[in-house]
Amino acid sequence: MDYENLFEATPSPMLVLGLDLVIVAANDSYLNVTRRTREELIGRYVFDAFPDNPADPESTATRNLEASLRRVLSTGDRDAMALQRYDIPVAGPAGGFEERYWSQINSPVRGRDGSVELIVHRVEDVTSFIRGREGGAAPDEGLGPRTANMDADLYIRARELQELNEWLRQAHARERETALTLQQSMLPASPPEQHPYAAVRYRPAVGSLNVCGDWYELTDLSDGRIAVAVGDVVGQGLEAACVMGQLRSALSAATRVTQGPAQAMEVLGRYARFVEGALAATAVQVVIDPVAHTVTYSCAGHPPPLLLQVQGAVEVLDQATDPPLGARSEDVPRPQAAVGYAPGATLVLYTDGLIERREEDIDVGLTRLIRSLARHRGLRPEPMADAILADLGVTGGPAADDTALVVIGL
């Protein structure tokens with residue numbers, strides 16, 4: 001399909017904006033309704049092309065539009081604006097501004113990794129309708145009083161919806177603040193200096209209140225060993241985060257009273273049977289012995305950890321795998337395996353959001369991660385974590401799925 005011709009033929013006026021809000025495309029309908037040429041628009045910051053009318057010091061047009069565009073960038077959701085006045089510059093030597101009214105909708109265009117790459121800014125010119133209503137006449141005299149009354153009612157409802165949208169945004173902001181406070185209280189609060197060998201990256205998904213069901217845990221054991229775990233609860237948002245907190249706390253407690261990761265994961269699996277929303281959650285735990293130079297691990301339905309040996313080989317730790325939590329017979333012991341390493345090796349644990357992509361086998365993503373890890377051999381945990389995220393297309397913005405990444409320097 002020729003999407004460029006489809007865009008040009010669309011009767012609704014549309015702009016395409018980059019992440020910096022610079023105009024990258026405009027269809028013919030938009031050029032016609034604004035009386036502009038492509039040369040006057042393409043490559044310009046949208047608010048340089050369409051500034052506020054200086055003759056109207058109380059205008060909030062650009063401020064309202066920018067707030068809407070920023071919401072799209074931060075949330076990844078479409079944002080519909082209420083009808084509003086937005087005067088536009090008059091083309092030609094006369095200059096000045098022309099009073100215009102618009103209905104505007106801003107929609108995200110996501111890349112393969114789910115992050116916002118572009119914004120489609122669609123507008124409808126409703127100036128004639130607004131002027132007709134303000135003059136007490138129907139926008140089209142031939143439509144009759146019933147149609148005029150319906151149009152006026154729609155206008156009033158649009159204003160009511162705008163007020164409702166604003167109230168919902170404020171409620172969403174309060175809910176998000178509550179969710180973030182809750183999640184911060186449930187995740188490890190150890191200062192970076194306590195674990196200088198570890199780097200952690202946490203990326204919530206689009207539309208998840210910036211909280212998610214992915215989790216991680218670092219536990220210093222009394223004998224000098226270190227337990228590291230990551231897990232993934234089905235779902236997103238506040239409910240998944242609450243389940244995540246219960247599982248993380250349960251595993252932290254079990255780790256301190258059991259003899260190894262298999263036993264700790266067995267206790268966690270039993271506990272998950274009694275937590276609503278925890279069934280089919282996945283987790284993996286490794287216990288690092290810095291004296292014996294061994295990594296012991298057990299996995300419950302989770303993507304396998306990776307061990308980058310000093311000489312550059314990457315080992316996939318998949319010899320102790322089992323079904324997800326709560327999805328196996330209780331009388332069968334969970335598997336456990338161990339592997340040795342030399343000082344200077346690197347251990348990586350992660351959730352499936354790092355490697356899983358739509359319309360792509362998860363093994364493709366795993367191979368991509370292995371190659372990235374080998375390519376950045378020799379980096380310390382912090383820069384290596386950033387390099388891995390960059391290689392796999394997981395940036396600082398919202399993603400299609402929750403992602404947790406833990407890089408341990410051994």
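Biologist: How many aromatic pairs does the count come to?

Modeller: The model is a predicted one. Rings pair if their centres lie within 6.5 Å. By this rule, the number of aromatic pairs is three.

Biologist: Which geometry do the rings of Tyr30 and Phe50 adopt?

Modeller: A pair of aromatic rings is described by the distance of the centres and the angle of the planes. For Tyr30 and Phe50 the centres are 6.1 Å apart and the planes stand at 80°. Planes over 60 degrees apart count as edge-to-face. The pair of Tyr30 and Phe50 is therefore edge-to-face.

Biologist: How many residues apart in sequence are the parts that this pair ties together?

Modeller: Tyr30 is buried, as is Phe50. Tyr30 belongs to helix H2 (residues 28–34), whereas Phe50 sits in the loop between helix H4 (46–49) and helix H5 (61–75). The pair therefore ties together parts whose separation in sequence is 20 residues.

Biologist: Where do Tyr202 and Tyr216 lie?

Modeller: Tyr202 and Tyr216 form an edge-to-face aromatic pair, with 6.0 Å from centre to centre and 70° between the planes. Both Tyr202 and Tyr216 are buried. The pair ties together parts that are 14 residues apart in sequence, because Tyr202 lies in strand E9 and Tyr216 in strand E10 (residues 212–220).

Biologist: Which strands are the edge strands of the five-strand open sheet?

Modeller: The order in this sheet is E9-E19-E18-E14-E15, with antiparallel pairing. An edge strand pairs on one side only, and this applies to strand E9 (198–203) and strand E15 (314–316).

Biologist: Which residue in E19 stands opposite Arg201?

Modeller: E9 pairs with strand E19 (residues 403–409) in the antiparallel sense, over six bridges. Opposite Arg201, the residue in E19 is Leu405.

Biologist: At about what angle to E9 does helix H11 run?

Modeller: Helix H11 (residues 381–391) lies across E9, E14, E18 and E19. Its angle to E9 is about 30°.

Biologist: Which residues have the most contacts inside the largest nonpolar core?

Modeller: In soluble globular proteins, nonpolar side chains tend to be buried together. The largest nonpolar core here has 48 residues, and helix H8 (residues 237–255) gives the most to this core, with eight residues. Not counting residues up to four places away in sequence, Ile408 touches several residues, including Leu218, Val228, Ile288 and Leu347. Those with the most contacts inside the core are Leu347 and Ile408.

Terms used. Residues numbered from 1 in each chain as written. Heavy atoms only, no water. Core = buried A, V, L, I, M, F, W, Y, C linked by side-chain atoms within 4.5 Å. Buried < 20%, exposed > 50% of the residue type's maximum accessible area, 1.4 Å probe, protein only. Helix = DSSP H or I, 4+ residues; strand = E, 2+ residues; numbered from the N terminus. Contact = heavy atoms within 4.5 Å. Pairing = 2+ DSSP bridges. Axes fitted to C-alpha atoms, helices over the stretch in contact; angles between N-to-C directions. Phe/Tyr/Trp six-rings, centres within 6.5 Å; stacked < 30°, edge-to-face > 60°.
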